[in-house]
Amino acid sequence: MATVTAPAASDARQTGPKPPPKPRFGVGRALGWAFMILVMIVSLFPFYWILRTALSDNNALYAGGDSLLPVQFSWGGFERVFGIQTGQEAIDAGGAGQPIAFWRYLLNSVLVATMVTAGQVFFSAMAAYAFARLRWRHREQVFAVFLAGLMIPAIFTLLPNFVLIKELGLVDTVLGIALPSMLMTPFAVFFLRQFFLGISREVEEAAMVEGASKTRIFFRLILPISAAPISTLSILTYITSWNEYFWPLMVSYTDRSRVLTVALGVFKSQKPQAGPDWAGLMAATLVAALPMLLLFLVFARRIVNSIGFSGIK
Amino acid sequence: MATPTRPVTPGPAKGARDDTRLALLFILPALIGFLVFLLWPTLRGIYLSFTKFNLLTPARWTGLDNYVRMAQDPVFWNALGVTVYYVVVNIAVQTALALVIAVLMQRLTRRTWLRGMVLTPYLVSNVVAALVFLWILDYQLGIGNKVLELAGVGRIAFLSDSAWVIPTIALINVWRHVGYTALLIFAGLQTIPATLYEAGRMDGASEPRMFRSITLPLLRPVMAVVLIISVVGSFQVFDTVAIATRGGPVDSSRVLQYYIYEAAFNRFQFGYASAMSVALLVVLMIITFVQYRLTRAGTSDLAAGG
């Protein structure tokens, strides 16, 4: 079982123990930095290449553009993605003629990720509260059963879950994509329970003396105190849900429920005969990835500092 | 509300008010989620593996037929072999790289921006990662191949040469995940007391020496946990294959999960697909169990706590 330490509620602000005194400058240090710079270039270059290609003219790419800058600068890729170009214009530019319902996919992605995140985090918090701070018979046994759920790999439940979603008549709906992870994940329950266990009894008892019910304590005390871990979990859940591909691929068949990841795959295979519309594809890729990159820009510090104890997935 | 305020005793004492009803209310949504979308599908998946089922007509019990067929199916064994090959390449490269990155992050600078940059690829989906590298590694137009040509290496058909395809898919996933893994290891490094390094330096130990004698031994439990997570995760490779190669060329990148998907959704053999899922589950359980035992074996020399 993975061990996860239970940091204080103010986890995200701290950066751990003080760094050791800097080692002496030397060749090793220079080599280390050279390696890290290489890692950074490899990490970031594909992002630049997406942007550079998205802003190029697709036909010019095929004509052999070796430039590190956009080849024959053009907004065409983005215009195809957002459906601004007419079918003929798109075909002339090397794209596919069919319109793509980009805004629909974006809306579906937002709906799914929001439903999954809001539901999963809230319901898992409720369960975690019951496991951490309420007293009831068989509490530990029930929790052990929940924890055992961590062992079941996602792949195994996907097929039976698809059958279930089909029986519920939810195939090709946004709800069908969101539902299986909307109510809980064992990890979310486990993660939040760790924090709730760490909250001191005294605060809680003071509230009870003043006549607050346990329900009120959960909403007015436990949830606000745990704002940091809850928002960390929410961000990570949102990113994971946004990037999900396999499950939405199984469940959605039409634009009605198609999310961005699945739509990207469809967009790619729309032109199997000729060369792909690389400019359009990279523009679509950029637009699909951008919301999470922006989310990261805003919450970078919190996300980076929380990876250490959010590790079990 | 009349709730007891005296010190907590484990389990409700006789006659004492406990929170059973409220607790039930609080775990109810999660419990429904657990029973309906985790426990029931698990049991059902095992049941379906003993049936012939195509979604349209009710499942028909066929005993061990699916398992017999699986044992005789060369494509299944090939898929298992391809998956293991992928996992080995992926884990070996990813763990080694992540370890180096984590140690460098600790020894050079602990600036958050550095960790943030390494994590950036993790924020995009596997689909995006696959598409970008499909483009960068394109045989004719890809910048990667142009650089290789300039360097005198010559072009490589990364995703259409059966010898290259699995290492390439592994490297694409390393690109996306190595930062995340590095941060997990980095978190483990933070638990090693800085005083140990100070003492080491006092004794005149070099950086490589300190890495061998301090970092590695104390990091072993963390590494074991990281390995379990990433091995279990990478056995479930699907997205990259589905986008980049669809199992090709021939069967050379037909990983187990992609084969399961094809059996279920292209040929509607849900029973057979379920049986292969059970096989994958068994493999994962064995690996987890073995690694867990190794973790336990490693806890004895853990000074700082995992």
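Leaving aside neighbours within four places in sequence, Ser241(A) touches Val112(A), Ala113(A) and Val116(A). That is a handy way into this predicted model.

**Ser241(A) and its helix**
- Ser241(A) sits in helix α12 of chain A, which runs over residues 227–243.
- Is Ser241(A) buried or exposed? With a relative accessibility of 14%, Ser241(A) counts as buried, because the cut-off for that is under 20%.

**Chain A as a whole**
- Chain A has 15 helices and zero strands.
- Out of its 313 residues, 57% count as buried.
- Looking at contacts in chain A with a separation of 6 or more, 73% come from residues 24 or more positions apart.

**Two domains in chain A**
- Domain 1 of chain A is made of two stretches, 46–98 and 270–308, while domain 2 covers 110–259.
- The contact between them draws on nine residues from domain 1 of chain A and eight residues from domain 2 of chain A.
- Taken over C-alpha atoms, the centres of these two domains are 34 Å apart.

**A nonpolar patch on chain A**
- Which residues form a nonpolar patch on the surface? They are Leu290(A), Leu294(A), Leu297(A), Val298(A) and Phe299(A), and together they have about 480 Å² of accessible area.
- Leu290(A), one of the patch residues, belongs to helix α15 of chain A, residues 278–306.
- Leu290(A) has 36% relative accessibility, so it counts as partly exposed, the class between 20% and 50%.

**What UniProt says about chain B**
- An unreviewed UniProt entry puts "domain: ABC transmembrane type-1" at residues 80–291 of chain B. In the model, that stretch is 74% helix and 0% strand, with its end C-alpha atoms 20 Å apart.
- The unreviewed entry also gives the feature "transmembrane region" at residues 22–43, 84–105, 117–137, 218–238 and 270–290 of chain B.
- Residues 218–238 of chain B are 81% helix and 0% strand, and the end C-alpha atoms of this span lie 34 Å apart.
- For residues 270–290 of chain B, the model gives 100% helix and 0% strand, with 30 Å between the end C-alpha atoms.

**Ser253(B), in a loop**
- Where is Ser253(B)? It's in the loop between α10 (239–244) and α11 of chain B.
- Setting aside neighbours within four places in sequence, Ser253(B) is in contact with Val82(B), Val165(B), Ile166(B), Ile169(B), Val241(B), Thr245(B), Gly247(B) and Gly248(B).

**Tyr261(B), touching both chains**
- Tyr261(B) lies in helix α11 of chain B, which spans residues 256–265.
- What does Tyr261(B) touch, not counting residues up to four places away in sequence? On chain A the partners are Phe246(A), Leu249(A) and Met250(A), and on chain B they are Phe238(B) and Asn266(B).
- Val165(B), one of the contacts of Ser253(B), is 96 residues from Tyr261(B) in sequence and 19 Å away in space, C-alpha to C-alpha.

Methods:
Residues are numbered from 1 along each chain as its sequence is written. Chains are lettered from A and ligands numbered from 1 in the order in which they are written. This is a predicted model: local features need pLDDT of at least 70, side-chain atom pairs count only at pLDDT 80 or more; totals for chains, interfaces and linings use all residues. Side-chain values use heavy atoms; hydrogens and water are left out. Helices (H or I, at least four residues) and strands (E, at least two) are DSSP runs, numbered from the N terminus. Contact means heavy atoms within 4.5 Å. Patches are made of residues with over 30% relative accessible area and no salt bridge: like charges are joined within 9 Å, nonpolar side chains (Val, Leu, Ile, Met, Phe, Trp, Tyr) within 5 Å. Accessible areas come from the Shrake-Rupley method with a 1.4 Å probe; for residues, only the protein chains shown count as cover. A salt bridge is a side-chain nitrogen of Lys or Arg within 4 Å of a carboxyl oxygen of Asp or Glu. Buried means under 20% relative accessible area, exposed over 50%, partly exposed in between (1.4 Å probe, protein chains only). UniProt positions are given in the numbering used here, feature names are shortened, and annotations may be inferred rather than shown by experiment. Domain bounds come from an automatic or database domain assignment.
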